[in-house]
Amino acid sequence: MPTLYQPEILYAEGHAQAGSALLVGDDGIVERIVAPDEISSLTSDIRRVAMPGRALLPAFANVHSHSFQRLFRGCAEGRRAGGDTFWTWREQMYRAAAFADPDQMYSIARAVFLEMAQAGTSLVGEFHYVHRDRNGRVYTNPNALAESILAAARSLGLRITLLRTAYFRAGFNLAPHPGQRRFYEQPDEYLANLDSLAAAHCAQPLVRVGAAPHSIRAVPLSSFHPIAEWTRKHARPMHLHISEQPAENEASLREFGATPVSLLAAEGLLDARTTLVHAIHITEAEMEQIASARATICSCPTTERNLGDGIFPADLAARLGVPIAFGSDSQAQIHPFEDARQLEYHLRLRDRERGVLDGSAREAWRNSQPIGASLIEAMTANGYRSLGFAGGHLAAGEPADFLTLRLDAIELLGADAASLAEQVVFAASPSAVDAVYVQGRPILQDGEHAESASIRAEYQQVRRDFLRFQQQFPDPFREVLP
Ligand SMILES: [Zn+2]
């Protein structure tokens with residue numbers, strides 16, 4: 001029997017409608033949006049779910065996540081603990097990467113995914129590059145850690161794209177870095193493991209497997225092509241880090257005489273399945289190349305400000321019509337609302353202007369949406385497309401992946417259909433999220449998941465184990481570990 005969800009405000013197909021309802025089939029697919037004056041004339045063989053005081057929106061896609069980095073949240077913020085640059089922070093990250101076994105990885109990912117669900121997320125893109133055991137040896141199942149991540153998402157009911165990451169070297173003319181010993185694979189070995197992971201999960205409707213050459217730095221060009229070829233052959237997403245730090249551009253210039261984006265464009269490695277993560281230090285000509293390839297950019301503003309990466313030129317992307325999606329990346333925060341508003345706020349501080357990303361007030365911009373709708377599209381549909389799933393608009397035929405917000409949450413009091421998009425983007429927080437549905441099934445109700453208590457307890461245990469591990473092995477990747 002189809003279900004009719006009747007919120008106070010429905011945000012679907014890019015705009016808010018007071019009193020409209022969402023009709024969802026038994027298969028979890030949206031049948032249609034029902035206008036207020038049609039609701040009373042619907043036949044009686046429909047289950048009706050009244051949602052008074054709620055706004056219903058497409059749920060969010062978190063396009064770029066490294067779950068294990070949650071372990072050292074708050075532990076590398078000061079100069080003594082984390083150093084003063086991205087590169088000194090990265091050494092701390094390697095110490096965290098040295099720790100988790102498959103069971104611990106599962107518990108960490110569950111806590112991260114619970115936090116995402118509680119922030120309104122229905123779909124995560126896990127950019128996963130920890131493949132080997134603590135000593136750099138291959139697990140009996142070379143995809144053991146990837147399977148832990150997938151099992152964690154499945155245990156919560158979350159939709160996931162596992163972006164199995166290729167990491168072959170420390171960088172151009174650099175010796176292998178011991179902190180990366182759990183990441184390295186040989187190119188042929190990587191492709192075989194990618195193939196078997198994709199084959200093992202091809203029948204699961206909530207799972208996709210994609211490929212992620214980590215970066216131009218970590219994957220030599222000759223190995224890039226076969227990975228891109230694999231994504232084309234199997235119609236899968238390809239994600240990579242690009243131009244997060246100026247040093248990455250400089251190394252690319254030294255090795256190839258070209259910056260990373262222009263190199264990819266010249267090599268025919270950019271297309272509509274490609275998502276470039278960060279793309280902060282790029283020129284207008286490079287943004288044109290991204291636009292003409294119809295690639296997506298995943299911006300991670302809460303991480304980028306935390307790491308001091310720089311300001312992503314979102315106005316340039318919007319002017320040229322490059323789709324933007326969001327990721328929590330280092331898990332410094334898991335806060336999709338904050339990611340969305342920071343995209344605009346960073347530009348306001350840079351330019352000392354307001355409404356920088358308001359395409360509706362900009363002539364000749366290819367993204368001509370109002371600012372709220374545009375940023376909600378980035379939080380939802382752009383992320384779904386980037387991760388290889390249909391959805392994100394709640395249009396007929398799309399999966400019913402949606403969230404509800406409590407309109408009596410203090411920050412949303414007074415929100416109406418006219419102001420909903422901007423109130424959500426500029427004022428809402430995860431604490432206003434009431435429910436999250438994936439393919440028509442609730443995974444979060446009253447702000448909690450059914451397994452919340454055990455997920456929290458497991459994470460606390462792993463966190464204690466991690467602190468003990470750090471005391472025992474202050475320099476873990478230079479030792480043989482148990
Ligand atoms: Zn990343």
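Modeller: The helix is α6, and its buried residues pack against β8 (159-166), β9 (207-213) and β10 (238-242). The model is a predicted one, in which local features need pLDDT of at least 70 and side-chain atom pairs count only at pLDDT 80 or more, while totals for chains, interfaces and linings use all residues. Residues are numbered from 1 along each chain as its sequence is written. Helices (H or I, at least four residues) and strands (E, at least two) are DSSP runs, numbered from the N terminus. Packing is judged by contact, meaning that the C-beta atoms of two residues, placed from the backbone, lie within 7 Å.

Helix α6 spans residues 221-234, 14 residues in all. From its first C-alpha to its last it reaches 21 Å, close to the 20 Å expected at 1.5 Å a residue; the expected span is 1.5 Å times one less than the number of residues. The buried residues in α6 are Phe224, Ile227, Ala228 and Thr231. These cover an arc of only 100° around the axis, so they lie on the same side of α6; the arc is that of the directions from the helix axis to the C-beta atoms. An α-helix has 3.6 residues a turn, so residues three or four places apart point the same way. On the other side of α6, Ser222 and Lys233 are exposed. Burial is a count of other C-beta atoms, placed from the backbone, within 10 Å of a residue's own: 20 or more is buried, 12 or fewer is exposed, and values in between are partly exposed. Just after the helix, Ala235 takes a positive phi of about 50°.

Helix α9 (residues 284-293) can be described in the same terms. Its buried residues are Glu286, Ile290 and Ala293. Seen down the axis of α9, these fall within an arc of 70° and therefore line one face of the helix. Glu284 and Ala285, on the other side of α9, are exposed. The partners of the buried residues of α9 are α8 (260-266), β11 (274-278) and β12 (296-299). Arg294 follows α9 and has a positive phi, near 60°.

Domain 1 (3-58 + 394-444) and domain 2 (60-386) are the two domains assigned to the chain, with bounds taken from an automatic or database domain assignment. Their C-alpha centres lie 29 Å apart. At the boundary, 20 residues of domain 1 are in contact with 22 residues of domain 2. On the domain 1 side, the elements that give two or more residues are α15 (420-427), β15 (433-438) and β16 (441-444). Of these, α15 gives the most, with five residues. By class, this side of domain 1 has 13 nonpolar, four polar and three charged residues. Here Ala, Val, Leu, Ile, Met, Phe, Trp, Tyr, Cys and Pro count as nonpolar, Asp, Glu, Lys and Arg as charged, and the others, Gly among them, as polar.

The largest nonpolar core holds 141 residues, of which Tyr11, Ile108, Phe113 and Val436 touch the most other members. Such a core is a set of buried Ala, Val, Leu, Ile, Met, Phe, Trp, Tyr and Cys residues joined through C-beta atoms within 7 Å. Helix α3 (residues 102-118) supplies the largest share, 10 residues. Domain 1 and domain 2 each contribute at least three residues to this core.

Leaving aside neighbours within four places in sequence, Tyr11 is in contact with Ala16, Ala55, Leu56, Leu57, Leu420 and Ala421. Ala55 belongs to strand β5 (residues 47-58), and it is buried because 28 other C-beta atoms lie within 10 Å. Pro52 and Pro7, 45 residues apart in sequence, are 5.7 Å apart in space, C-alpha to C-alpha.

Finally, Leu481 sits in the segment after α16 (452-472). With 14 C-beta neighbours inside 10 Å, Leu481 counts as partly exposed. Not counting residues up to four places away in sequence, Leu481 touches Arg134, Asn135, Phe473 and Pro476.
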